[in-house]
Amino acid sequence: MVSRRTVLRSLGVSTVGVQGFGEFSVATASARSVAASPDSIREHRHFRFDAERSRLLQRYEYRLPDSVSALIVRSGWFDLDEVTVIETDEFVEDSFELYSTEVTGYRWTQDGTPSFELSMDYGEELLPNGLGGYSSETSVFGSQINPYPYWVTEDGADGSDVERSVLFEQDGYAGTDWLFIGPHQIAQRDVGKMTHTVVVPDDIEGTIDTESLLDVFEAGGRYLEPRLTTNNGVTAFIMNNWRTGSDSSAQVVGRDIRFTKSATSVDGISNVPTHEYIHTIYGIFGTEEMFWLREAAAEYYGYLLALHLNHGTFDRFVETVRTDRYRDIVLAETGPDNNRASTYYKGAHVLAALDGQIRARSSGENSLDDVIPTAEYDLSTYDGFVNAVTEAAGDESLSDWIDRYTQTTALPTIPVEPEQYTLGTASPDTFVVARSDSETRSQGQSTAQGESPPADSQDALDEITGGVDAESGVLLGSAGMSLLAVIAKLYEDHRSS
Ligand SMILES: [Zn+2]
């Protein structure tokens with residue numbers, strides 16, 4: 001008998017030996033979590049794939065130092081029909097509050113080492129609900145449930161921070177929120193403290209340009225400030241196109257991106273990978289009337305990142321940003337269920353103009369890049385957004401401008417000077433200004449006006465189900481909801497469809 005291959009991948013910043021599961025790297029949600037734990041509470045995640053029954057098994061075990069006197073673990077996942085808790089040890093089921101919602105959880109018996117194991121059933125195609133995964137004869141792609149522990153010590157200290165580690169029984173890889181088990185190749189790049197990873201299952205038809213994806217993740221870190229502070233690199237999980245059925249071609253949760261194969265191409269100013277990368281650093285903000293900002297920011301900064309990576313000339317960038325196709329749309333009236341394309345494209349156009357306004361009114365001191373990544377600014381409300389922008393611009397009167405272009409059908413003029421679009425310390429020399437012959441041709445083919453984004457940018461119409469704000473530990477959903485609420489909503493959608 002060949003012994004089972006045990007593979008463990010590091011997600012985090014520190015590596016320690018932990019008894020029980022053998023050799024092992026430790027994944028941590030953040031450096032802060034480790035420091036704050038009383039003698040380190042350790043959460044071991046043990047993942048395996050039961051191919052015969054098409055199910056993903058996840059076991060969570062908590063190693064508690066003597067000082068810990070109480071522990072509860074909460075998760076909205078327990079309440080989903082597709083999630084079955086198949087075993088608990090030294091844990092008693094109870095119900096708890098999580099983000100103002102009553103959820104099932106487990107309370108430690110205060111004796112021994114508590115653990116629970118759950119099973120999630122997957123089919124061949126991606127489930128269009130919060131479970132978001134699939135299985136095949138040899139592999140499974142699924143969600144980690146990321147439970148919320150809450151502990152108390154005898155000294156009266158309490159907290160939620162634990163040191164996390166991940167163990168795979170088969171060959172597998174875990175990001176922050178998803179995981180893959182089965183035959184695969186990985187491509188990785190270390191950038192500072194982070195490791196960016198692309199997971200390519202062996203059943204992918206054709207080749208994936210993993211280097212171009214890693215270039216996007218690396219350049220993103222070089223040119224852009226994240227709104228979400230994290231030590232985790234980006235993990236891209238690739239799957240065959242047919243896996244997603246009618247679901248979107250790309251999706252972001254936390255620092256993880258799932259792509260269908262056809263959505264992995266980084267060619268051109270408008271492409272899916274740069275757009276999705278932006279979601280991993282800015283996360284989720286914007287409810288109702290501010291929904292547009294989330295997608296517009298991903299689209300606009302996605303174009304900028306592609307420009308800085310020379311995936312298109314500056315002229316082509318301007319042509320991509322500038323659109324009057326959705327002139328009659330009022331951004332504040334768009335949302336996840338209506339006018340989606342306009343949200344992206346008119347939104348990107350308006351943000352480009354707004355970027356120029358902030359640069360001009362602050363005499364070049366600030367740009368939109370001082371607004372979106374600043375976590376202190378509340379971008380989930382219109383007033384919060386206006387406050388953030390006027391403060392960065394140093395000009396209260398800019399609020400009239402914002403009113404005009406987000407609350408009416410008016411369309412602003414965008415700047416056309418390369419220096420208006422530099423990120424960080426980049427200079428306009430970074431850009432290739434002249435348009436190449438091939439671009440001229442493809443532009444001529446795409447639209448009569450030459451003003452609309454290329455047709456393939458429709459692929460960028462994606463979904464986001466949640467984002468992890470690693471610094472605060474708060475899970476945010478697509479409309480500022482908790483991940484639980486998002487799961488509940490997606491689950492409702494699934495049931496009603
Ligand atoms: Zn998006």
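The following conversation goes through how several labels in this predicted model were reached.

Colleague: What makes Tyr 99 partly exposed?

Modeller: Tyr 99 has 17 other C-beta atoms within 10 Å, and since a residue counts as buried at 20 or more and as exposed at 12 or fewer, a value in between is called partly exposed. Tyr 99 is found in the loop between β6 and β7, and its phi is near 50 degrees, a positive value in a residue other than glycine.

Colleague: How do you know whether Ser 363 is buried or exposed?

Modeller: The same cut-offs apply: 12 or fewer other C-beta atoms within 10 Å make a residue exposed, and Ser 363 has 9, so Ser 363 is exposed. Ser 363 lies in the loop between α6 and α7, and although it is not a glycine, it has a positive phi of about 55 degrees.

Colleague: What makes α4 a largely enclosed helix?

Modeller: The burial cut-off is 20 or more other C-beta atoms within 10 Å, and 18 of the 18 residues of α4 are buried, so α4 is largely enclosed by the rest of the structure. For the protein as a whole, buried residues make up 48% of the 497 residues.

Colleague: How do you know how the span of α4 compares with the expected one?

Modeller: Helix α4, residues 291–308, has 18 residues and reaches 26 Å from its first C-alpha to its last. The expectation is 1.5 Å times one less than the number of residues, which for α4 gives 26 Å, and the span is therefore described as close to the expected one.

Colleague: Why are the buried residues of α8 said to be on the same side of that helix?

Modeller: In α8, residues 398–407, the buried residues are Leu 398, Trp 401, Tyr 405 and Thr 406. They cover an arc of only 105 degrees around the axis, which puts them on the same side of α8. The buried residues of α8 pack against α6 (340–361) and α7 (382–393).

Colleague: What makes β6 and β7 a pair of strands?

Modeller: Pairing requires at least two bridges, and 8 bridges join β6 to β7, which run antiparallel, so the two strands are paired. Within this pair, Val 92 stands opposite Arg 107 in β7. The two strands form a hairpin with 2 residues between them, and Tyr 99 is in the turn.

Colleague: How do you know that β4 pairs with β7?

Modeller: Strand β4 (residues 68–74) is joined to β7 (residues 101–108) by 3 bridges, and because at least two are required, the strands count as paired. They run antiparallel, and the bridge partner of Val 73 in β7 is Tyr 106.

Colleague: Why are β6 and β12 called edge strands?

Modeller: The open sheet has 5 strands in the order β6-β7-β4-β11-β12, with antiparallel pairing. The strands β6 (91–98) and β12 (158–159) each pair on one side only, and they are the edge strands.

Terms used:
Residues are numbered from 1 along each chain as its sequence is written. This is a predicted model: local features need pLDDT of at least 70, side-chain atom pairs count only at pLDDT 80 or more; totals for chains, interfaces and linings use all residues. Helices (H or I, at least four residues) and strands (E, at least two) are DSSP runs, numbered from the N terminus. The arc is that of the directions from the helix axis to the C-beta atoms. Two residues are in contact if their C-beta atoms, placed from the backbone, lie within 7 Å.
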